[in-house]
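Here is a short briefing to read beside the structure. Keep the 3D view open as you go through the points.

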Amino acid sequence: MRSNPLMNKPWSAHLGSALALIVAPLALGCVSEMGDEGDGTLDEPVGEAQAAIGWSGHSWGCGGSCDLNLGTDVDRTCFLAGVWGKLGASSQAAVRVQRSGGDWILEVDAASGQNLGANAVCVNTAENRTGQYTWTWGPGEGLPTSMGFGTSSRRCFLTQVISNGAFRFNNWITDYARVRKDASGEWFLEGVSTTGVDTPVTATVKAICVDVPQNYGAWQWLAGNNHRIDPLASNSVGGVACGMTGLGGPFTSNNWTDGAWLEYNPTTLDWEQHTVNNKTAWSQCVR
């Protein structure tokens, strides 16, 4: 349903290599029930990781519920690359990247009267792609979710964040979600939410893993009461893509330019992270 105003987030998509395809324009810019995703199980092999992957970037937001088709899920894996607007509302708000009917879909489901949006990045590989793992915070819940081990090329990214009163506290240390790989090589999806505003607070966060050959670095950037822009990886060699592996802090502003998101700068050929007003985000770049 697209009866609400749509808003485009100011970010630039760029072809990562000759393999990449922009499948949807970044126009001015939820939730139908999606049944195509499993929970943490391997897909049938549908793609092979390459030395330099292609990628595409997408951005979508609205003051209600809306969705953007990101294109085919064959040999492609999509995940979140940022969240902006009021995710930390007192009622449910959500951003989702998931598969439906053979395509990837970016869905935004804002709380009533609020603005919300997200960035997504798709990479042209599905090697050892998993289904979506789920971590839940709420009464009697909150333990880390094991995502298993995998190969040395495995990379994991956030795909969905669903908040019911979460992501409202001004200290990211007590209000965050992220993926993490421990010293043994096991991956976890974990977090915590303590707002001191509403009880009970609940949150559901999902992540996906896929094999991508080259690791181009991982970061966590923090913002004070400002808008910082920090460097991630250079794409001067072509084919470098970045995704969000965690986020935290107060997503309580109804402002399109208040959040934490990754963006490609076609002038400098660099990936950058924008972090605003006491938030944090973790990111991973691959090739």
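C156 and C209 are both buried, and the two cysteines form a disulfide with their sulfur atoms 2.0 Å apart. Please keep in mind that this is a predicted model.

**Disulfides**

- The link of C156 and C209 is right-handed, with 105° about the S-S bond.
- This pair links distant parts of the chain, as C156 sits in strand β10 and C209 in strand β13 (residues 202-211), 53 residues apart.
- C78 and C122 form another disulfide, again with sulfur atoms 2.0 Å apart.
- The torsion about the S-S bond of C78 and C122 is about 110°, so this disulfide is right-handed.
- C78 belongs to strand β4 (residues 77-85) and C122 to strand β7 (residues 116-123), so the pair ties together parts that are 44 residues apart in sequence.
- Both C78 and C122 are buried.
- C62 is joined to C66 by a disulfide, S to S 2.3 Å, and this link is left-handed, with -95° about the S-S bond.
- C62 counts as buried because its relative accessible area is 0%, under the 20% cut-off.
- C66 is buried too, with a relative accessible area of 1%.
- Counting bonded cysteines along the chain, the disulfides follow the pattern 1-2, 3-4, 5-6, 7-8.

- Strand β5 (residues 92-100) runs antiparallel to strand β6 (residues 103-109), and seven bridges join the two.
- Q98 has I105, in β6, as its bridge partner.

**The largest pocket**

- The largest pocket has a volume of about 230 Å³.
- It is lined by 15 residues, and the closest to its centre are V179, K181, W187, A218 and Q284.
- Two or more lining residues come from each of β10 (154-164), β11 (175-181), β14 (215-222) and β19 (280-286).
- β11 gives the largest share of the lining, with four residues.
- By class, six lining residues of this pocket are nonpolar, four are polar and five are charged.

How values were computed:
Residues are numbered from 1 along each chain as its sequence is written. This is a predicted model: local features need pLDDT of at least 70, side-chain atom pairs count only at pLDDT 80 or more; totals for chains, interfaces and linings use all residues. Side-chain values use heavy atoms; hydrogens and water are left out. On a 1 Å grid over the protein atoms alone, a cavity is a set of points where a 1.4 Å probe fits but cannot get out, and a pocket is an open set with protein on both sides within 12 Å along at least five of seven lines; lining residues have an atom within 4 Å of a point. Grid points are joined across faces, edges and corners, and a volume is the space filled by probe spheres set on the points. Ala, Val, Leu, Ile, Met, Phe, Trp, Tyr, Cys and Pro count as nonpolar, Asp, Glu, Lys and Arg as charged, and the others, Gly among them, as polar. Two strands pair if DSSP finds at least two bridges between them. A disulfide is a pair of cysteine sulfur atoms within 2.5 Å. Buried means under 20% relative accessible area, exposed over 50%, partly exposed in between (1.4 Å probe, protein chains only).
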